[in-house]
Amino acid sequence: MSEISPDTRDWTDVLTGGCSECGFTGTEDPTGVPSTLAEAAATWQTVLTRADATERRNPDRWSDVEYAAHLRDVLDEFRRRTERMLAETDPTLDNFDGDAVAVDSDYAHQNPAEVAPALRVAAESYAGLLSQVSGEEWDRRGFRSDGHAFTVASLTLYGLHEVRHHLGDVGA
């Protein structure tokens, strides 16, 4: 299996400029994200039953199971970040290097039948937390280690972009 070059782009630019690849605008309503997470999790269940879910159809792109494992871990990370932002004042959020996690967790050799329910649980857990956020909680802040500021709302939209973009990556 070939190595995939690490993604060095700072994807936070989609929050202000949108993403022409997946149709994300950055102006979506964060309160609608919980239902989107549920719909996406259901779609991933189907994607991960594909006969070629573990195969890289392009040598420079992840397989379906690799994208699903990444999304599972991203949703867990965003839930943890949101919990911290709601509980603490202006926390510095832990770094998350998706490429390093992919290698360390050996995404390429994970079992789609195990990733599918874990992704569903991650989506449900994050959606459950987001469905409880209200009022000024959406404006609570957290900071990435490089100083980039997120609000709960902007972090939620950043997560929404991850969901939409990776569904597009696997043609779903």
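**Entry 1: where α3 meets α6**

I looked up which residues of helix α3 touch helix α6 in this predicted model. From α3 I noted Y67, H70, L71, V74, L75, F78, R81, T82, M85 and L86. Their partners in α6 are V152, L155, Y158, G159, E162, V163, H166 and D169. I then sorted this contact by class and got 11 nonpolar, 4 polar and 3 charged residues.

Next I checked how the two helices lie. Helix α3 covers residues 64–87, and helix α6 covers residues 152–169. They pack at an angle of about 175 degrees. Their axes are 10 Å apart. Angles over 145 degrees count as roughly antiparallel, so α3 is roughly antiparallel to α6.

**Entry 2: R72**

I stayed in helix α3 and picked R72. Is R72 buried or exposed? Its relative accessibility is 12%, so R72 counts as buried; the cut-off for buried is under 20%. I also listed its contacts, leaving aside neighbours within four places in sequence. R72 is in contact with Y107, Q110, V115, A118, L119 and A122.

**Entry 3: the largest pocket**

I looked up the largest pocket and found a volume of about 900 Å³. Its lining has 30 residues. D7, R9, W11, D99 and E162 lie nearest the centre.

Which elements give two or more residues to the lining? They are α3, α4 (98–104) and α6. The largest share, 6 residues, comes from α6. By class, I noted 8 nonpolar, 9 polar and 13 charged residues in the lining.

Technical notes:
Residues numbered from 1 in each chain as written. Predicted model: local features only at pLDDT ≥ 70, side-chain atom pairs only at ≥ 80, totals over all residues. Heavy atoms only, no water. Axes fitted to C-alpha atoms, helices over the stretch in contact; angles between N-to-C directions. Helix = DSSP H or I, 4+ residues; strand = E, 2+ residues; numbered from the N terminus. Parallel < 35°, antiparallel > 145°, perpendicular 65-115°, else oblique. Contact = heavy atoms within 4.5 Å. Nonpolar A, V, L, I, M, F, W, Y, C, P; charged D, E, K, R; others polar. Buried < 20%, exposed > 50% of the residue type's maximum accessible area, 1.4 Å probe, protein only. 1 Å grid on protein atoms, 1.4 Å probe; cavity = no way out; pocket = protein on both sides within 12 Å on 5 of 7 lines; lining within 4 Å. Points joined across faces, edges and corners; volume = space filled by probe spheres on them.
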